[in-house]
Amino acid sequence: MDTDEIFTNGVDDEPSPPQQQQQRRPIISSEQLDIEAYAALYTGRTKISRLLFISDKCDNVSVKLEALRMAYVEVKKGENTQLFREVVQKIDGRLGLEYGNDVNWMDAVDRRADVRKEKLENELNAYRTNLIKESIRMGYNDFGDFYYARGTLGEAFKNYVRTRDYCTTAKHIIHMCLNAILVSIEMGQFAHVTSYVSKAEQNKADLDPITIAKLQCAAGLAHLEARKYKQAARKFLETAPELGNSYSEVIAAQDVATYGGLCALASFDRAELKAKVIDNINFRNFLELVPEVRELINDFYSSHYASCLDYLGNLKANLLLDIHLHDHVETLYTDIRNKALIQYTHPFVSVDLNMMANAFKTTVTGIQKELEALITDNQIQARIDSHNKILYARHADQRKATFQRVLQTGVEFDRDVRAMLLRANLVKHDYNVKASRKI
């Protein structure tokens, strides 16, 4: 194939038809994070954790202070006085006296917590004395809720898990698993997440669609943390749209689209991307919430790499502020770019590096180094003409491969015919072999 035809897999200098231009959305800039809209997607402890994470990682001072202000307001809605002290320390007086160390509020919350704890201890001791399993289960569950609200996650986890010995129905076990998963995610103990997702899934008959969706998300987060991007993508892609905002204490529907879409791009081949992402009606509902991710997936599949890389570039700053995704952004981006390079070169016998560099918005030297790394890693079967700046593909000997397939087919046919003849003769002579039974 002549290199002049290469634009069909990259950048086309000819103007697109009006209909095609209308279908292609303009690049949506994502440089400035709308922190108020972002925080509104979450509830509970994860909302505060995400705001504090943004305040630690963001270079923009106004965004950093707004995140701390919102975290201050949110933490005062709960009972976690230790977390309140941390937020006040991070603010360090930069927001004025209104967002200072509220000693009276902390003392009042701590006093109420002490009274509540004593009451829960007395109730649990009474339940143990009477040996009422359901009451004991509820007592430990209440203790788990108490410690979770106070921010003592280790004790919360222990008490939630203790309810297992007193569970009398499958729904009780599922409830225990969901609580253990929630606390484990907060603690970053994703091995526990995987374990309790499996325990919950053993009671499939009692799982409703929303609970199944929650378990899929939790499993996806665990795989993401373990850098098992393909398994993570499958879990997020299997998440049903019934999830909605019902799991806002852990994850938002927009996160499902972003995590699932990027993991799929980095790990799926072209056929899987089409079947499991683009043609996935359920996942399409999530993608509609994040148009940038939807468009970059479609651009990648359509080989519009320049547009795809633009979307990725615009999203990167915000993705680095995501509490679960930040550690994986560079790896995912590298994998996606490498797959794009491989997909670009695959159909061609020869590729002009100047045109390829233009398609990927880099220099010829830069694209050459990237291709050299992929060739060395045996991901692209090709060689580079450094003088003329052309990549020549090393395609397998099709003639030899065809003969090998024909010979293999002949061997298999011969074996099958011999087996059929043997069976026909055994049936013809009424010859039956019965296994001997030992008494």
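**Reading cores, helices and a surface patch**

Mentor: In this predicted model, the largest nonpolar core has 94 residues, of which Ile181, Ile251, Val277 and Phe360 touch the most other members. Apart from that core lies another, of 29 residues, including Tyr42, Val63, Leu83 and Val87.

Trainee: Which residues is Phe360 in contact with, leaving aside its neighbours within four places in sequence?

Mentor: Contact means heavy atoms within 4.5 Å. On that basis, Phe360 meets Tyr305, Leu309, Arg337, Ala340, Leu341, Tyr344 and Ile367. Arg337, Ala340, Leu341 and Tyr344 are among the buried residues of helix H18.

Trainee: What span should H18 have, and how far apart are its end C-alpha atoms?

Mentor: The expected span of a helix is 1.5 Å times one less than its number of residues. For the 17 residues of H18 this gives 24 Å, and the end C-alpha atoms are 24 Å apart, in agreement.

Trainee: Why is helix H16 described as largely enclosed?

Mentor: Buried means under 20% relative accessible area. Eight of the 11 residues of H16 (residues 291-301) are buried, so the rest of the structure largely encloses this helix. Glu292, Arg294, Glu295 and Asp299 are among these buried residues, as are Val293 and Phe300. The cover over them includes helices H13, H14, H15, H17 and H18. After H16 comes Ser303, with a positive phi near 65°.

Trainee: Which residues make the nonpolar surface patch of about 320 Å²?

Mentor: Patch residues have over 30% relative accessible area. Here the patch is made by Leu422, Leu426 and Tyr431. Leu426, in helix H21 (residues 398-428), has a relative accessible area of 35% and is therefore partly exposed.

Methods: Residues numbered from 1 in each chain as written. Predicted model: local features only at pLDDT ≥ 70, side-chain atom pairs only at ≥ 80, totals over all residues. Heavy atoms only, no water. Patch = residues over 30% accessible without salt bridge, like charges linked within 9 Å, V, L, I, M, F, W, Y side chains within 5 Å. Areas by Shrake-Rupley, 256 points an atom, 1.4 Å probe, with all protein chains shown as cover. Salt bridge = Lys/Arg side-chain N within 4 Å of Asp/Glu carboxyl O. Helix = DSSP H or I, 4+ residues; strand = E, 2+ residues; numbered from the N terminus. Buried < 20%, exposed > 50% of the residue type's maximum accessible area, 1.4 Å probe, protein only. Core = buried A, V, L, I, M, F, W, Y, C linked by side-chain atoms within 4.5 Å.
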